[in-house]
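I opened the notebook to look up side-chain contacts.

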Amino acid sequence: MIGFEVIINKETFVGGVQDGVISVIIDRLLLGSRNELTISFGGYDVKANNSIHWLKNELFLGDKITIKVIEVMDNISIPIETKSHRETNFKHPSNIGLQLSVKGEVIPANITKGSIHLIATVLNDKNKSEIELDFIIVEHIDNEDTSKHCYKNTLALGDILTIEVKE
């Protein structure tokens, strides 16, 4: 089956499901009192009818994440229990953004108010797999949201992308 290998600061997580969907989601949110930067790596197994989470962490300046599209055998990481969202008193500097490197392109994304989302998804359905990558900015200006795709493309087995948390 096709899945993802996620490497964050030299720690590796591998996930995949035979029949279902997995995703890596990185969110940067700067809106009102919310100032968050998180990564979530999980999925949904259709046969078992349950959600799986391999990683759910806050990110910080200097973190580097590598996501590889791989053939997953029996090396799947042990799932973690889903943790409820916790409030944190840590405040990220407002000028933190994300930089995506994929297929020879380097795409920076910064916001003054709004959110940034990186969503990498694998959908495995019997003998067919679909792999998508979306990198989106949602700016919140004068109480209106405008979204912009910075990058949207399909991925293939063996593709590698990196995301860095930068000023």
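Which side chains meet in a salt bridge at 3.6 Å, N to O? I looked, keeping in mind that this is a predicted model. The side chains are those of K103 and D159. I then checked where they sit. K103 lies in the loop between β7 (97-102) and β8 (105-109). D159 lies in the loop between β11 (144-154) and β12 (160-166). The two are 56 residues apart, so the pair links distant parts of the chain.

K103 counts as partly exposed because its relative accessibility is 47%. D159 is at 17%, so it counts as buried; the cut-off for buried is under 20%.

I searched the whole structure and found five salt bridges. R34 with E36 is one of them, with the closest N and O atoms 3.1 Å apart. R34 has 42% relative accessibility and therefore counts as partly exposed. E36 has 15% and therefore counts as buried. K128 with E130 is another salt bridge, its closest N and O atoms 3.3 Å apart. E130 is partly exposed, at a relative accessible area of 36%.

Last entry: aromatic rings. I counted one aromatic pair. The rings belong to F41 and W54, with centres 5.0 Å apart. Their planes stand at 40°, so I logged the pair as tilted. F41 is in strand β4 (residues 34-45) and W54 in strand β5 (residues 50-58). They are 13 residues apart, and the pair links distant parts of the chain. Buried or exposed, for F41 and W54? Both F41 and W54 are buried.

Terms used:
Residues numbered from 1 in each chain as written. Predicted model: local features only at pLDDT ≥ 70, side-chain atom pairs only at ≥ 80, totals over all residues. Heavy atoms only, no water. Phe/Tyr/Trp six-rings, centres within 6.5 Å; stacked < 30°, edge-to-face > 60°. Helix = DSSP H or I, 4+ residues; strand = E, 2+ residues; numbered from the N terminus. Buried < 20%, exposed > 50% of the residue type's maximum accessible area, 1.4 Å probe, protein only. Salt bridge = Lys/Arg side-chain N within 4 Å of Asp/Glu carboxyl O.
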